[in-house]
Structure formats: structure tokens, C-alpha cells
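Thank you all for coming. I would like to walk through one model this morning, going from strands to helices and then to a few side chains.

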Amino acid sequence: MPDIRYDDRVVLVTGAGGGLGKAYALFFASRGAAVVVNDLGVSRSGDGHSSKAADVVVDEIVRAGGKAVANYDSVNDGDRLVDTALKAFGRLDIIINNAGILRDKSFSRMTDQDWDLIQEVHLRGSYKVTKAAWETFRKQKYGRIIMTASAAGIYGNYGQANYSSAKLALASLGFTLAREGAKYNILCNTIAPVAASRMTESVMPPEFLPALKPEFVTGLVGLLCHDSSNESGGLFEVGAGWAGKLRWERSQGRVFKADPTTFTPTAVASAWEEITEITPAKPPVYPESMADTDWVGLLERAKEQTSNPSTGSNKPEV
Ligand code: NAI
């Protein structure tokens, strides 16, 4: 397979002044793309503002013979980021929504400000940048978008109610944009990366840090953003040179007689094992869309229970 390149493609990487974003910017530039290096230059918790972070990365790319321009706006001004790409390079093909900050606090101590700021940077910021480019992508019938989620969003994490909720919302935004973009050759995927950066270094065992370089995430992002990829609507965990895809699984569940006098908490309790069971004897189903739930079939089975009460254990509660 020939080496994958991005000649004539224009990539916008948000939060590209350090960590993962910097690794993406250097990766795409080294393979022929023109890169918009966006970074607001804030602290880990979102304070301050500096042009230095983006400038350093642009300098590194240009010194290596690549093409890059800096943008210092917040992702919340998504249209300005997209304008920078269009003015500097005349087009935009790929967006890596990567910028992020943390305001970790237990839920009881979390303020509205902690909540709003995290939602604003991660969720609204990715929305604003992507929305600003959407018509361009539709018209040119080409677009590649990466959303950045987190394992904290997929599984939940103590002290990260604001961050985890924003991060899983990004995966959901990605699922929907993949559907809406399909007929325009706009592909959208979500990654939950793990990498040593200023965001994570202090919570990772030092001996792991060399194995968790941000560069060990770029291979997956690179493929998902290439012309040759058809993958869309995916959610991947990636880090340390490993990548895996996630999907939903659901138990087969239990159909109750469609009657509120019998579909009671007590009936649910007595069928709890059946509702929750996922075993080799009762393997899970893997729904991929809303249409994968056979509501017509379920209603038929519920009717059968109604017409043949002997099959249902849910007798009216007294
Ligand atoms: P980082 O802190 O090294 O880089 C984030 C960059 O985003 C910074 O340079 C910062 O100035 C910039 N930024 C922050 N707010 C901005 C805004 N409003 N507009 C423009 N730029 C802004 O962090 P890291 O580790 O590289 O994280 C990158 C992304 O990956 C983040 O979305 C993070 O939540 C996510 N992530 C990282 C993980 C990791 O293990 N490093 C784990 C899970 C998710």
C-alpha cells in the first residue's frame, strides 16, 4: 500500500499548540497538507490567552518545509477559524476538533461556571467550528471530521461530571453528523485518546509516559481523515499504539404484557435477570441505529402475552 499523503488537502487542527493537537498538525504537514494551527494559548484550566503556542508549531512546520498558518481564536468563534483556512489556502477539507481544558471537581463542589466553561469549550466549540465549515463541505462534497471524546465520557469518571458529559455528547454529535454528511462524502468519527500531555502527565505513572506519546494516536486519526477511508460514525479508543472500536450492546430483554396494571415495578423485579442477562445462552444484540429496535415485533409479542396470559408471569398486582 502506498504511503498515505494529504497533498492539496487543508487541515484545521484546534488546540494544536501542544499535546495531541501539535502531534496531528506536525503529522498532516509532514505528509503534504496545509495546516491551520489553532490555539488560544490558555492554561490547562482555560485561563489566559497567548499566541505563542500556535506560533511555535507553525514555525516548526514551516522550518521543515511544510505549509501552516496560525489562528489564535477560541473554538467558540468557529467561523474565524474556518475563515483563516479559506483565506490562507482557499479551501478546507479536514477538521480535527481537539481543543480542550479541564475543570475537575466532585459534583457537589462543581459551580455553574465550571460546568458552563467545559461545555462551551468542548461541545459548543466543536459544534461552532464544524458548523462554520459544514456548507463548504457539502458544496465540495468532501469533508473529514474528528470529534475528540474521552474514556471519562464513555465510562464516567469521578470529579468529571462537566467534562465527561461534554465528551460523550461529542460522540453523539459525531454519530448524527455521520448520518447527515453521508451523501456529501462528509465522514465524521470520534476518538477517545490516551496520551501523555500537560493535561494528563500529572495523573499518569511516570514510567508509562514514554509509551503514551501523542504521536501514538496519529495513525488512526490519519487514516480516518484520508480520501481512502469509508469509515464514518465510529467511536474509537486509541493510545500507546493501540486502537479499538466501540459499539453498543443490549440484552435481549423481556417483553411484558402491554398493560400498566401488570407491567409494574414488581413484575419488572421478578423478571430482572431476564431483562439484564447477557450470557452465551442469551447473547446480546448490537443495535447500530434507531431503526434496529424492532418495535413492531415487540408490540406483536406484547399482544401475544395479552391474548395468552398463561405465557406471562405478570399477573395484576394487588
Ligand atoms: P493539552 O492541554 O496539551 O492541549 C489542549 C490545547 O487546547 C491547549 O494548547 C490549549 O491552549 C488549547 N485550547 C484550550 N481551549 C481552547 C479554546 N477555547 N480554543 C482554542 N484552543 C484551546 O491537552 P491534550 O491532552 O493534548 O488534549 C487534547 C484533546 O484530547 C482534548 O480535547 C482532551 O480533552 C482530549 N483528551 C486527551 C486525553 C489525554 O490522555 N491526553 C484523554 C482523553 C481526551
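Helices (H or I, at least four residues) and strands (E, at least two) are DSSP runs, numbered from the N terminus. Please keep in mind that this is a predicted model, in which local features need pLDDT of at least 70 and side-chain atom pairs count only at pLDDT 80 or more, while totals for chains, interfaces and linings use all residues. Residues are numbered from 1 along each chain as its sequence is written, and side-chain values use heavy atoms, with hydrogens and water left out.

With that settled, here is strand β1, residues 10–13, where Val10 and Leu12 point one way, Val11 and Val13 point the other way, and all of them are buried. In general, the side chains of a regular strand alternate between the two faces of the sheet. Two strands are taken as paired if DSSP finds at least two bridges between them, and β1 is joined to strand β2, residues 34–38, by 4 bridges, the two running parallel. Within that pairing, Val10 stands opposite Ala34 of β2.

A word on the whole chain before I go further. Its secondary structure comes to 10 helices and 8 strands, and the C-alpha trace spans about 80 × 45 × 35 Å along its principal axes. Of the 318 residues, 45% count as buried. Taking contact to mean heavy atoms within 4.5 Å, 70% of the contacts between residues at least 6 apart in sequence join residues at least 24 apart.

Next comes helix α1, residues 19–30. The expected span of a helix is 1.5 Å times one less than its number of residues, so the 12 residues of α1 should span 16 Å, and its end C-alpha atoms, at 17 Å apart, agree with that. Its buried residues are Leu20, Gly21, Ala23, Tyr24, Ala25, Phe27, Phe28 and Ala29, and they pack against β1, β2, α2 (52–63), β4, β6 and α7 (218–224). Just after α1, Gly32 takes a positive phi of about 100 degrees.

Strands β6 and β7 run parallel and are joined by 5 bridges, with Glu237 of β7 as the bridge partner of Ala192.

Two residues of the loop between β4 and α4 deserve a look. Ser106 lies in that loop and is buried, with a relative accessible area of 15%; leaving aside residues up to four places away in sequence, Ser106 touches Tyr158 and Gly159. Thr111 is placed in the loop between β4 and α4 as well, but counts as partly exposed because its relative accessibility is 35%.

Finally, cysteines and charges. With a disulfide taken as a pair of cysteine sulfur atoms within 2.5 Å, the structure holds 0 disulfides. Cys188 is in no disulfide, the nearest cysteine sulfur being that of Cys225, 9.6 Å away. Cys188 is buried at a relative accessible area of 0%, and Cys225 is buried at 1%.

A charge sits over a ring if NZ of Lys or CZ of Arg is within 6 Å of the ring centre and within 35 degrees of the ring normal. Arg247 lies over the face of Tyr286, at 3.5 Å from the ring centre, and the charged end of Arg254 sits over the ring of Phe256, 4.8 Å from its centre.

Terms used: Buried means under 20% relative accessible area, exposed over 50%, partly exposed in between (1.4 Å probe, protein chains only).
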